[in-house]
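Q: Hey, I'm new to this one. Can you walk me through it?

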Amino acid sequence: MKFFIDTANLDQIKEAQELGVLDGVTTNPSLMAKEGITGEDNIINHYKSICEIIDGDVSAEVISTDYEGMIKEGVILADLHPNIVVKVPMIKEGIRAIKYFSSIGIRTNCTLIFSVGQALLAAKAGATYVSPFIGRLDDISTDGMHLIEEIRLVYDNYGYETEILAASVRHTMHIVECAKVGADVITAPLSAITGLLKHPLTESGLAQFLADHAKGNN
Ligand code: G3P
């Protein structure tokens with residue numbers, strides 16, 4: 001399973017990269033705004049900075065919601081770096097845009113997926129990734145993980161190569177459950193990724209080993 005970090009924060013991307021397990025980055029307009037990155041030039045430069053840190057896929061989201069606008073933006077974003085994946089919303093015009101991008105070799109991430117039908121449509125259009133938002137489904141008392149399972153089943157039934165990129169991952173158990181049900185990729189905040197390191201028995205066990213070592217050396 002691939003690990004992406006879901007942030008536009010350069011320090012956090014560097015920290016995850018240094019851990020040695022990072023395969024890519026996802027961003028969205030809200031995450032860019034959170035870092036204070038506004039204006040077309042600054043946003044473009046920020047994507048370039050991210051691509052300099054990580055040698056892996058970087059999702060860059062279009063803002064337009066009309067077909068022509070999405071195509072124009074997507075081509076500009078894809079030209080920034082070979083690792084850029086154009087993130088397109090799950091709307092009618094977005095599906096048309098994904099089909100076009102797919103025909104000219106531009107890779108895409110279809111975002112804001114909340115149903116199996118949406119994921120099926122995105123795969124048929126040729127999306128490289130689909131991003132089901134599991135945390136936001138959990139937020140409304142719906143089982144986000146069940147959606148990942150259902151998409152996995154449908155994609156496997158027909159051999160779709162579109163990768164399931166579980167998004168809106170909020171904590172470590174989301175990551176573990178995604179691995180169990182066969183998500184291809186998770187994108188998570190740094191805290192959820194580093195949370196996988198933690199276990200009280202590891203901490204107490206290490207403390208004991210070090211204490212015993214120190215006693216033996218006295
Ligand atoms: O990748 C999508 C993600 O950023 C949404 O996460 O926590 O805002 O639902 P969240």
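Q: Okay, how many residues are in the chain, and what percentage of them is buried?
A: The chain has 218 residues, and 47% of them are buried. Buried means under 20% relative accessible area, exposed means over 50%, and partly exposed is in between, using a 1.4 Å probe and protein chains only.

Q: What kind of model is this?
A: This is a predicted model, where local features need pLDDT of at least 70, side-chain atom pairs count only at pLDDT 80 or more, and totals for chains, interfaces and linings use all residues. Residues are numbered from 1 along each chain as its sequence is written, and side-chain values use heavy atoms, with hydrogens and water left out.

Q: What share of the contacts is between residues 24 or more positions apart?
A: 57% of the contacts with a separation of 6 or more. A contact means heavy atoms within 4.5 Å.

Q: Switching topics: how many salt bridges turn up?
A: A search of the whole structure finds 9. A salt bridge here is a side-chain nitrogen of Lys or Arg within 4 Å of a carboxyl oxygen of Asp or Glu.

Q: Why would such side chains pair?
A: Side chains of opposite charge can do that when their charged atoms come close.

Q: Which residue does Asp57 form a salt bridge with?
A: Arg107, with the closest N and O atoms 2.8 Å apart. The pair links distant parts of the chain, 50 residues apart: Asp57 is in strand 3 (residues 57-61), while Arg107 is in the loop between helix 5 (92-103) and strand 5.

Q: Is that Asp57 buried or exposed?
A: Buried, because its relative accessible area is 12%. Arg107, at 29%, counts as partly exposed.

Q: What about Lys180 and Glu177, how far apart are they in helix 9?
A: They are 3 residues apart, which means about one helical turn. The closest N and O atoms of their salt bridge are 3.3 Å apart. Lys180 is exposed at 61%, whereas Glu177 is partly exposed at 27%.

Q: Where do Asp212 and Lys215 lie?
A: Both lie in helix 11, 3 residues apart, about one turn of the helix. There's also a network: salt bridges that share partners join Arg152, Asp156 and Asp184.

Q: Now the surface. Which residues make the nonpolar patch of about 270 Å²?
A: Leu19, Val21 and Leu197. Patches are made of residues with over 30% relative accessible area and no salt bridge; like charges are joined within 9 Å, and nonpolar side chains (Val, Leu, Ile, Met, Phe, Trp, Tyr) within 5 Å. Val21 is in the loop between helix 1 (10-19) and strand 2 (24-26).

Q: Which residues form the negative patch?
A: Asp138, Asp143, Glu149 and Glu150. Glu149 is in helix 8, residues 144-158, and is partly exposed at 38%.

Q: Last one: what is the phi of Ser168?
A: Positive, about 55 degrees, although Ser168 is not a glycine. Ser168 is in the loop between strand 7 (163-166) and helix 9 (172-181), and is buried at 10%.

Technical notes
Areas by Shrake-Rupley, 256 points an atom, 1.4 Å probe, with all protein chains shown as cover. Lys, Arg positive; Asp, Glu negative; His and termini not counted. Charge placed at Lys NZ, Arg CZ, Asp CG, Glu CD. Helix = DSSP H or I, 4+ residues; strand = E, 2+ residues; numbered from the N terminus.
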